[in-house]
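Please look over the sequence and the model shown here before reading on.

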Amino acid sequence: MSGIGLHVPEPGARPGDEPDFSHIVVQPAGSVDCPPHDADEHELRHLAFDLIRVLDDDDHARGGWNPRLDPDVLRAGLEAMLLTRAFDDRLFRLHRQGKTSFYMKSTGEEACAVAPSLALRRDDMAFPTYRVAGWLHARGYPLERMVNQIFSNAEDPLRGRQLPILYSARDYGFYSLSGNVGSRFGHAVGWAMAAAYSGRDQIALGYIGEGTTAEGDFHEALTFASVYRAPAILCVTNNQWAISSFSGIANGTAQSFAAKAIGYGLPGLRVDGNDFLAVWSVIDWAARRARAGLGATLIEFFTYRAAGHSTSDDPTRYRPASEAAHWPLGDPVERLSGHLTAIGEWDEAREETLKAELAARVAAAVAVAEKVGTLGKSKPPLREMFLGVFKEPDWRLTEQMRELGLEEHD
Amino acid sequence: MIQALNDAMDVMMARDPRVLVFGEDVGFFGGVFRVTDGLQARHGRHRCFDTPIAEGGIVATAIGMAAYGLRPVPEIQFADYILPAYDQLVSEAARLRYRSGGEFEAAITVRSPYGGGIFGGQTHSQSPEAIFAHITGLKTVIPSNPHDAKGLLIAAVEDDDPVIFLEPKRLYNGPFDGHGDGPLKTWAGHTRAEVPSGYYTVPLGKADVVRPGGDLTILAYGTMVHVALAAVEASGCDGEVIDLRSIVPLDIDSISASVERTGRCLIVHEASRFSGFGAELAALVQERCFYSLERPVMRVCGWDTPYPHAFEWDYFPSPQRVGTAITRLLARD
């Protein structure tokens with residue numbers, strides 16, 4: 001049908017339909033050129049429409065974007081991704097057992113968090129979304145601290161004030177998360193501008209979901225990044241789904257989110273987000289560009305949200321149940337494991353041993369946190385509710401503490 | 001007052017390399033009200049610069065800078081235009097320390113020309129202080145004279161909490177007693193127009209009793225301090241006028257002490273009345289001073305309409321309207 005009428009986009013498949021990813025063009029690994037990191041923006045525009053891939057279907061690394069990483073680094077990446085998955089599985093089950101109020105998994109997107117976390121420096125800063133816990137797992141953030149926050153118990157590092165999984169971990173280069181999507185994307189640019197102002201070569205990495213690119217925050221952040229040449233890497237995690245809305249609700253018929261960079265005069269790279277090597281490589285490329293004073297890069301991680309949006313979501317209500325299994329770019333963990341195996345640096349037995357070890361580590365951390373208490377069974381001292389609002393509580397907070405039976409110095 | 005504000009930023013930029021000033025037209029040009037005039041020339045383009053027209057982006061950038069450790073002082077060109085940044089102020093700046101367990105904080109000072117009396121119509125006259133006072137975690141400061149403006153702005157920049165600094169634009173060039181048809185006055189000769197050079201602070205949360213008196217207490221801030229003073233003089237009563245200077249933190253002790261003594265309280269603000277900051281003040285006075293009150297607490301405010309252009313002086317709380325309220329508060333039964 002053509003002619004006049006209100007157009008409302010619909011995804012290719014709904015529950016009961018055969019999954020349909022026929023619109024996705026998967027370019028062969030290694031087929032996209034890798035220009036020097038200091039190339040002029042106008043020479044890079046095709047990269048916003050290509051799909052940068054390194055790992056091919058036979059698990060080999062191909063082409064100019066191959067970062068040629070040491071097998072130890074690859075194993076560290078695999079371990080962090082497997083840990084993320086083990087942690088997610090365990091905590092999701094704990095939510096179902098009523099031990100916390102809320103949880104969100106990153107299944108299928110682990111490479112988008114783990115590879116940048118390992119590729120960037122400890123003094124850089126990530127401005128995360130709620131689906132990049134892998135950043136923390138890759139940097140050895142103590143698991144029991146995470147679980148304590150998820151339980152909002154007496155040892156919660158955020159003192160019972162924030163939802164589960166909305167972590168803050170300054171020492172791990174992980175900025176304070178919040179449930180409002182998009183509103184920290186501009187903070188990444190401001191932080192990067194401050195680093196540049198201070199004469200340091202630190203960079204900020206901002207994450208945003210493809211659905212949230214519709215927010216003004218996204219466009220304002222790109223404007224500021226472009227105008228002030230901020231040393232930032234701005235990443236759109238295109239996992240195809242914003243709760244129940246498919247990516248076309250954010251992007252219309254445009255296929256590339258990376259292409260939004262072009263209007264801002266920034267390089268835009270579209271990358272296979274399930275390819276650990278490709279994600280590492282584009283982050284490294286953009287980091288070298290930013291540290292050279294050449295400004296920000298917009299990166300689209302093309303991936304798939306294999307799990308539900310959160311513990312409150314049931315994706316079989318709006319997409320085919322088997323869609324994840326049909327995702328043409330596979331699974332990031334399996335692909336990296338396959339690559340390590342293909343180059344003779346890994347095998348099934350080692351993976352089984354590692355998985356068992358990680359499950360035990362998660363279980364041990366959960367046991368420690370459960371001993372402190374699960375949600376409602378333990379919480380930080382009540383006075384924490386009033387602290388940190390202002391640097392020093394003003395009279396009304398002091399009075400309200402007293403009203404609740406707390407003395408100022410309790 | 002423009003010079004005093006400019007001086008405050010100049011002093012702080014010289015003292016502290018972490019202080020940056022930016023906003024729409026604030027750089028080379030020096031701001032549409034000239035408040036940042038010369039700062040770029042003196043401190044460099046990297047410390048005082050123009051921004052895109054994106055208030056949300058301006059404040060988001062400032063918060064990111066503060067998270068890094070700088071002390072940004074962004075300007076929103078008119079308080080009427082601050083609403084696109086409201087999400088950043090409410091959801092981010094006000095809560096960053098709280099939700100991050102103290103790991104990050106947003107020590108920003110958002111300056112914005114505010115209030116009416118300049119025939120600015122709906123979009124250059126509003127007084128949105130109540131929507132900030134309602135958000136815990138934000139401080140809201142409104143100076144009424146050059147001396148306080150400089151000292152309060154320096155205190156705001158040094159404060160570790162996010163501060164909304166609202167500058168009554170009708171006071172930029174002189175005091176204003178609310179007589180819209182009266183001659184323009186300059187700050188020359190005004191007692192609070194003498195601005196010490198160099199660094200000094202006026203602490204946030206300390207009200208100023210600008211006119212002591214025993215008959216009634218008038219609570220005001222910004223331009224309304226001058227209107228209240230004019231109304232008291234015209235009425236011939238011995239009214240006490242308190243300039244709140246900041247509404248968060250609020251100097252509740254000075255307010256209570258005064259009302260307990262006078263037994264009568266009048267609140268004056270330019271913003272429209274319903275759910276205005278006067279409602280909070282009235283509730284606090286009632287809660288704390290009920291047994292001292294001789295009369296119901298009264299409010300004189302802007303009407304509950306958008307800010308009108310042709311009806312500016314009908315909308316703007318005039319000394320006459322304040323005077324009528326004074327008469328009612330002082331009437332014998």
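A residue is called buried if 20 or more other C-beta atoms lie within 10 Å of its own. In this predicted model, the buried residues of helix H11 of chain A, which spans residues 332-342, are A:Pro332, A:Val333, A:Arg335, A:Leu336, A:Ser337, A:His339 and A:Leu340. The cover over these buried residues of H11(A) includes helix H1 (71-96), H2, H9 and H12 of chain A. After H11(A) comes A:Gly344, with a positive phi near 75 degrees.

**Helix pairs in chain A**

| Helix pair | Angle | Distance between axes |
|---|---|---|
| H4(A) (residues 143-151) and H12(A) (residues 348-372) | about 45 degrees | 8 Å |
| H2(A) (residues 110-119) and H9(A) (residues 276-291) | about 45 degrees | 9 Å |

On the H4(A) side the contact is made by A:Leu143, A:Glu144, A:Val147, A:Asn148 and A:Phe151, while H12(A) contributes A:Arg361, A:Val362, A:Ala365, A:Val366, A:Val368, A:Ala369 and A:Val372. By residue class, this contact of H4(A) with H12(A) consists of 9 nonpolar, 1 polar and 2 charged residues.

For the second pair, the packing angle is again given as about 45 degrees, which makes H2(A) oblique to H9(A), and H2(A) passes H9(A) in a right-handed crossing. Here A:Ala111, A:Cys112, A:Ala115, A:Pro116 and A:Ala119 of H2(A) meet A:Phe276, A:Val279, A:Trp280, A:Ile283, A:Asp284 and A:Ala287 of H9(A). The contact of H2(A) with H9(A) divides into 10 nonpolar residues, no polar ones and 1 charged residue.

**The contact between the chains**

Chain A gives 36 residues to the contact and chain B gives 33 residues. On the side of chain A that touches chain B, the elements that supply two or more residues are helix H5 (185-197) and helix H6 (216-227) of chain A, and the largest share, 10 residues, comes from H5(A). This side of chain A is made up of 16 nonpolar, 12 polar and 8 charged residues.

**A helix of chain B and its surroundings**

In helix H9 of chain B, residues 252-262, the buried residues are B:Ile255, B:Ser258, B:Val259 and B:Thr262. They lie on the same side of H9(B), because the arc that they cover around the axis is only 95 degrees. These buried residues of H9(B) pack against strand S8 (216-220), strand S9 (239-243), strand S11 (265-272) and helix H10 (277-289) of chain B. Just after H9(B), B:Gly263 has a positive phi of about 75 degrees. In the loop between strand S10 (246-248) and H9 of chain B lies B:Pro249, and the peptide bond that joins B:Val248 to B:Pro249 is cis, with omega near -5 degrees.

Which value does phi take at A:Gln240, a residue other than glycine? Phi of A:Gln240 is positive, near 80 degrees, and the residue is placed in the loop between strand S3 (232-238) and strand S4 (241-242) of chain A. A:Gln240 is buried, since 22 other C-beta atoms lie within 10 Å. In chain B, B:Arg34 is not a glycine and yet has a positive phi of about 70 degrees; B:Arg34 belongs to the loop between strand S1 (19-23) and helix H2 (39-43) of chain B. With 15 C-beta neighbours inside 10 Å, B:Arg34 counts as partly exposed.

Terms used. Residues are numbered from 1 along each chain as its sequence is written. Chains are lettered from A and ligands numbered from 1 in the order in which they are written. This is a predicted model: local features need pLDDT of at least 70, side-chain atom pairs count only at pLDDT 80 or more; totals for chains, interfaces and linings use all residues. Axes are lines fitted to C-alpha atoms, for helices over the stretch in contact, and angles run from 0 to 180 degrees between N-to-C directions. Helices (H or I, at least four residues) and strands (E, at least two) are DSSP runs, numbered from the N terminus. Two residues are in contact if their C-beta atoms, placed from the backbone, lie within 7 Å. Ala, Val, Leu, Ile, Met, Phe, Trp, Tyr, Cys and Pro count as nonpolar, Asp, Glu, Lys and Arg as charged, and the others, Gly among them, as polar. A residue is buried if 20 or more other C-beta atoms lie within 10 Å of its own, exposed if 12 or fewer, and partly exposed in between; C-beta atoms are placed from the backbone. The arc is that of the directions from the helix axis to the C-beta atoms. Angles under 35 degrees count as roughly parallel, over 145 as roughly antiparallel, 65 to 115 as roughly perpendicular and the rest as oblique. A crossing is left-handed if the near helix is turned anticlockwise from the far one by less than a right angle, and right-handed if clockwise.
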